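Please check each point against the display.

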Amino acid sequence: MSDTKLLSLGGVIVATALPYYEDATAPAGLAVDYGKYAEHCRWLVDNGCRGVGPNGSLGEYSSLTDEERRRVARTAVEAVGEDGVVVVGVHGPGSHQARHWAELAAEDGAHGVLCLPPTMYRANRGEVIAHYEAVASVGLPVMVYNNPIDTKVDLTPDLLAEIAQIDGIVAVKEFSGDVRRVLEIKEKAPGLEVVAGADDVTLEALLMGATGWFAGFPNVFPAESALLYELATTGRLEEARALYEPLVAAFRWDSRTEFVQAIKLGMEQVGRYGGPCRPPRGPLTGEHRAGVTADMARAIEALAQRQAA
């Protein structure tokens with residue numbers, strides 16, 4: 001599997017939101033709109049993003065049936081075609097489930113997979129390593145996902161140094177929010193790509209040497225996000241900060257409990273289809289809706305002024 005390390009999983013890869021339409025026969029009365037989803041994946045790549053990431057937390061993977069989950073991944077692969085990469089979320093409670101989803105992703109033409117530690121169990125060090133060994137054995141490049149807030153398992157730089165020894169592990173999506181970790185990971189696991197995972201510390205992570213952004217709000221602002229990545233990674237700091245600053249208030253919603261609903265509302269505010277979420281996610285409270293709307297309005301106004309200048 002040494003060839004897997006040849007594929008970088010850097011750049012702007014969008015953790016895609018998933019559209020539904022009302023259907024009383026579907027789970028929770030909401031059916032996946034695969035046509036809208038395909039169009040959305042295509043739109044993201046056409047607007048400068050390197051690829052898409054179906055079946056992540058933002059894609060509500062845990063609310064999907066097995067059949068829906070596989071079809072979502074296939075839809076993304078078909079929509080993107082040869083014009084981008086597809087990194088499929090293969091999160092599961094145990095290594096046998098995660099490996100199963102990785103095997104299906106490989107069959108369906110994915111370029112790589114994104115994988116949390118065991119999702120419903122606070123795994124110990126050995127169990128985490130065994131989990132990733134199982135997923136990497138499938139042969140696709142693996143981006144491990146550090147989200148200690150949701151999983152209660154922290155992939156510390158020391159642990160990542162050990163995980164990085166597994167053939168096929170190529171990157172880490174770092175969602176701890178601690179930008180100090182970027183350099184420490186690069187020191188302790190120099191062959192591992194560090195990918196910004198939280199939108200509201202993206203610029204900071206990129207300036208510290210992260211080579212990718214696995215992102216939420218590019219569902220709303222794909223072209224601007226691709227430009228931000230380019231500015232940050234080519235040393236144009238003043239321009240990057242000018243673009244980033246008015247967007248950060250909106251980006252902060254990516255790290256909050258209501259991030260899926262917030263990003264879908266943001267999509268609606270720029271004329272895209274966002275729509276509802278399946279349980280356990282409910283509608284935004286009035287206070288949260290007002291907050292997202294105001295933060296998005298600031299971002300939209302700033303981008304309009306930028307375009308007019």
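1. Helix α1, residues 34–46, packs with helix α2, residues 66–80, at an angle of about 40 degrees, and their axes are 9 Å apart. The model is a predicted one. The two helices are therefore oblique to each other, and the crossing of α1 and α2 is right-handed.

2. On the α1 side, the residues that meet α2 are Tyr-34, Tyr-37, Ala-38, Cys-41, Arg-42 and Val-45. Their partners in α2 are Glu-68, Arg-71, Val-72, Thr-75, Ala-76, Ala-79 and Val-80. Sorted by class, this contact of α1 with α2 has nine nonpolar, one polar and three charged residues.

3. The crossing of α12 and α13 is right-handed.

4. From α12, the contact takes in Ala-262, Leu-265, Gly-266 and Gln-269. From α13, Arg-289, Val-292, Thr-293, Met-296, Ala-297 and Ile-300 take part. The contact of α12 with α13 divides into six nonpolar, three polar and one charged residue.

5. The largest nonpolar core has 107 residues. Within this core, Tyr-132, Val-144, Leu-155, Ile-163 and Ile-169 touch the most other members.

6. Which residues are in contact with Leu-155, leaving aside its neighbours within four places in sequence? They are Pro-117, Val-128, Tyr-132, Val-144, Tyr-145, Asn-146, Leu-160, Ile-163 and Arg-181.

How values were computed:
Residues are numbered from 1 along each chain as its sequence is written. This is a predicted model: local features need pLDDT of at least 70, side-chain atom pairs count only at pLDDT 80 or more; totals for chains, interfaces and linings use all residues. Side-chain values use heavy atoms; hydrogens and water are left out. Axes are lines fitted to C-alpha atoms, for helices over the stretch in contact, and angles run from 0 to 180 degrees between N-to-C directions. Helices (H or I, at least four residues) and strands (E, at least two) are DSSP runs, numbered from the N terminus. Angles under 35 degrees count as roughly parallel, over 145 as roughly antiparallel, 65 to 115 as roughly perpendicular and the rest as oblique. A crossing is left-handed if the near helix is turned anticlockwise from the far one by less than a right angle, and right-handed if clockwise. Contact means heavy atoms within 4.5 Å. Ala, Val, Leu, Ile, Met, Phe, Trp, Tyr, Cys and Pro count as nonpolar, Asp, Glu, Lys and Arg as charged, and the others, Gly among them, as polar. A nonpolar core is a set of buried Ala, Val, Leu, Ile, Met, Phe, Trp, Tyr and Cys residues joined through side-chain atoms within 4.5 Å. Buried means under 20% relative accessible area, exposed over 50%, partly exposed in between (1.4 Å probe, protein chains only).
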